[in-house]
Amino acid sequence: MARFDTAFDATGIEPTTGYDVLPAGKYRAQIVESEMRVTRNGMGQFLWLMLDIIEGQYQGRKLFDQLNLVNSNPQTVEIAQRTLSAICHATGKLQVNDSVDLHLVPMTIQVGVKPPKDGYSEKNTIRYLVPEKAPVAPAYQAAPVASQPPAAPAAAPWNRNG
């Protein structure tokens, strides 16, 4: 029980509601909170992430993700590790000791929409996009070739005066 110092009057305050699903597309975002949490069955752990959209029409909206880094299923762990690697590449932080190292680093994400299933409503999915590498210029460049006027076409034998 928590007793308030003064009575709380909710009549003048708009209540929070659940977030609507974001439309599929690319967004600029950053991780703003993270923590390791225990799975429902108590047998594993996941990295819980809260992301903020930082640009555009949906700026300020929140998205959530979780990476099952400790799980009895090795495929589940591999998927989580690959996703964490994608986050590291997307943020440019390739070696991290703490999830806080990934906070407040802008990155591009691909948001998808997963349809309703098993009594759950539709929800967003997140893919972390690795920035494309700039093309590498060759180490050397060939010397420019002197420009010469094109050679005159040879006259056909039947057109020769002779």
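R37 is partly exposed, at 31% relative accessible area. For the cut-offs: buried is under 20%, exposed is over 50%, partly exposed is in between, with a 1.4 Å probe and protein chains only. R37 makes a salt bridge with E35, with the closest N and O atoms 3.3 Å apart. By salt bridge I mean a side-chain nitrogen of Lys or Arg within 4 Å of a carboxyl oxygen of Asp or Glu. E35 is partly exposed as well, at 37%.

Some ground rules. This is a predicted model: local features need pLDDT of at least 70, side-chain atom pairs count only at pLDDT 80 or more, and totals for chains, interfaces and linings use all residues. Residues are numbered from 1 along each chain as its sequence is written, and side-chain values use heavy atoms, with hydrogens and water left out.

How many salt bridges does the rule give? The count is 2. The other pair is K62 with D52, at 2.6 Å between the closest N and O atoms. K62 sits in strand β3 and D52 in strand β2, so this pair ties together parts 10 residues apart in sequence. Helices (H or I, at least four residues) and strands (E, at least two) are DSSP runs, numbered from the N terminus. K62 is partly exposed at 23%. D52 is buried at 14%.

D52 also leads us into the sheet. Q30 stands opposite D52 of β2. β1 and β2 pair antiparallel over 9 bridges; pairing takes at least two DSSP bridges between the strands. Now the whole sheet. It is open, with 5 strands in the order β3-β2-β1-β4-β5, paired antiparallel. Which strands stand at the edges? β3 and β5; each has a single partner, so one side of each has no neighbour in the sheet. Neighbouring strands are turned by 45 degrees on average, direction ignored.

Next, the helix. α1 packs on the sheet and touches β1, β2, β3, β4 and β5. Contact means heavy atoms within 4.5 Å. The direction of α1 makes about 130 degrees with that of β3. Axes are lines fitted to C-alpha atoms, for helices over the stretch in contact; angles run from 0 to 180 degrees between N-to-C directions.

Last, the core. The largest nonpolar core has 21 residues. That is a set of buried Ala, Val, Leu, Ile, Met, Phe, Trp, Tyr and Cys residues joined through side-chain atoms within 4.5 Å. α1 gives the largest share, 5 residues. L51 is among those with the most contacts inside this core. Beyond four places in sequence, L51 touches residues including I31, L63, M107 and Y128.
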